[in-house]
Structure formats: C-alpha cells, structure tokens
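Have the sequence and the model open side by side.

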Amino acid sequence: MEGMRRVQKAGIARQVGVSNHSLRQWKHAEQVLGEPILSNQVLFNLVRRKPLRNLIPFAASNDRIVIAYSPLAQGLLSGNYNPANPLGGFRRRNPLNPLASAVNLARATPLIETLREIGSTHGVTPAQVALSWVLSHPNTVAIPGASSVAQVTQNAEAAELTLAEDEIIRLGDIAESLQLKGGIAGAVGALRR
Ligand SMILES: NC(=O)c1ccc[n+]([C@@H]2O[C@H](COP(=O)([O-])OP(=O)(O)OC[C@H]3O[C@@H](n4cnc5c(N)ncnc54)[C@H](OP(=O)(O)O)[C@@H]3O)[C@@H](O)[C@H]2O)c1
C-alpha cells in the first residue's frame, strides 16, 4: 500500500483496488494507504455468498464497490452442465468451486432449474439470471469470463435485466437450502460460504 500511495500521489492511478481481502484486511489496507480503497474483487455468486455477510454491506454504506469474480461459478450456473455432462479441465478440480464436485452439481439441480424457469419468464438464459442476481446487490458489479463473443454479448445484456424482488429472494433461499458438501470442494465451500 505504501507503493500504491506513491503511484496514486504521482497521478498514475486515481483509485486503488484490492482482491480477496476480508473486511478487516480491506480496512487495514485503507489505513496504510491513507485513502479509501474503492474496490475489492472477491468470489461471489449464488453458491458462494460470503460477501453478503459484511463486504457488500460495507461497500453499500461507504461508497465502495465489490467486484464479483466467477459470478457464474465458472460456467456451472449456466445450466449447460450436469453430472452426466460435467466440466472438464482444470475447472473441474477447482477446490473453491463447490459445483465442481459431481455430487454437489447434482444437489444444485433445484437451483439450476429455477434459473431456467425464471429465465424463460424473462426470455433470457439461466446464466443471465445468475448474473442479474449478483448485480441485484448494492454497489456490486460482476466480471464474468466468456468463451465466445456470443457469451460476452449475453453477459453484457444481463445488466439490462431486472429481476423481481420475489425472484431474487427465491433464488437466494434455494441456494441457501442446497447443503453442498463432501470432498475438498464441499469442505472449502462450507468454510467460505
Ligand atoms: N481475483 C481473483 O482471485 C480471481 C479469481 C478467479 C477469477 N477471477 C476473474 O474473474 C473473471 C471471471 O471468472 P471465471 O472465468 O473464473 O468464472 P465465471 O465468470 O463464473 O465463468 C466463466 C465461464 O462461464 C461460461 N459462460 C460465460 N458466459 C456464459 C453465458 N452467457 N452462457 C453460458 N455460459 C457462459 C464460460 O465457460 P464455458 O462456455 O466453457 O462453459 C466461461 O468461460 C475473470 O476475469 C478472472 O480473471 C479473479
């Protein structure tokens, strides 16, 4: 933060952001910088909701921003994957993604089906509903990854979608009830949710 202070004072950067900081670390970094730290980029999606506890409330009351990374749980909230068609490659082994486990992906079926159902009411995809749920929180933006131009377009369009209050609550309640666990993913997920 001392280096960042020099960068800021020299006018090279107007704002400073951090990533994967707890609220305590975020506030401590601000103390050292001597200025507000505008943003904290953290894991936040329907199955990883820990930022709701204190990061988002802090951002909302103090003009800060939470930047949600992996807002689609690395694509697993798109409805394109299921236990018979699991993720491949390194994403399948990500211990921070509870849905990377086939058992948890099967348990998440009610959530995926609800994303699909709400999506069909609005004429949008499950991924767009999952993104809109993230964006429904105050002072929260999302940085979804994409593997095609069509996904980039869809993800940008999700910012235009406004979910009804009861849809937002329903998604959160279903996500809360999933009881994802088992294996490393479940253990780490339980710690961080
Ligand atoms: N600060 C950190 O520690 C940190 C950690 C991790 C990630 N990040 C950042 O977060 C950003 C995104 O995270 P992420 O890529 O891990 O996860 P994500 O945004 O949750 O998932 C991205 C994946 O979802 C699928 N997808 C995207 N848009 C879709 C759509 N409209 N419809 C259907 N499927 C769609 C694509 O995979 P498929 O098409 O292959 O299914 C895409 O690669 C990146 O910029 C990354 O650098 C930061």
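The model is predicted.

Ser19 is found in strand β1, which covers residues 17-19. Is Ser19 buried, exposed or partly exposed? Its relative accessible area is 33%. Buried means under 20% and exposed means over 50%, so Ser19 counts as partly exposed. Now look from Ser19 to Asn104. The two are 85 residues apart in sequence, and their C-alpha atoms are 27 Å apart in space.

Step back to the whole chain. It holds 9 helices and 4 strands. From the N terminus on, they run α-β-α-β-α-β-α-α-α-β-α-α-α. The C-alpha trace spans about 55 × 35 × 30 Å along its principal axes. How does the radius of gyration fit a compact globule? For 193 residues, such a globule would have a radius near 16 Å; the chain has 18 Å, which agrees. Buried residues make up 41% of the chain. Of the contacts with a separation of 6 or more, 68% join residues 24 or more positions apart. The chain exposes about 10100 Å², and carbon and sulfur atoms supply 53% of that area.

Now take helix α5, residues 109-122. At 1.5 Å a residue, its 14 residues should span 20 Å; the end C-alpha atoms are 20 Å apart, which agrees. Which residues of α5 are buried? They are Leu111, Ile112, Thr114, Leu115, Ile118 and Gly119. Seen down the axis of α5, these buried residues fall within an arc of 160 degrees, so they line one face of the helix. The spacing follows a general rule. An α-helix has 3.6 residues a turn, so residues three or four places apart point the same way.

What does the buried face of α5 pack against? Its buried residues pack against α6 (126-135) and α8 (165-176). On the other side of α5, Ser120 and Thr121 are exposed. Gly123 follows the helix, and its phi is positive, near 70 degrees.

How values were computed:
Residues numbered from 1 in each chain as written. Predicted model: local features only at pLDDT ≥ 70, side-chain atom pairs only at ≥ 80, totals over all residues. Heavy atoms only, no water. Helix = DSSP H or I, 4+ residues; strand = E, 2+ residues; numbered from the N terminus. Expected span 1.5 Å × (residues − 1). Buried < 20%, exposed > 50% of the residue type's maximum accessible area, 1.4 Å probe, protein only. Arc of directions from axis to C-beta. Contact = heavy atoms within 4.5 Å. Rg over C-alpha atoms; globule rule 2.2 N^0.38 Å. Areas by Shrake-Rupley, 256 points an atom, 1.4 Å probe, with all protein chains shown as cover.
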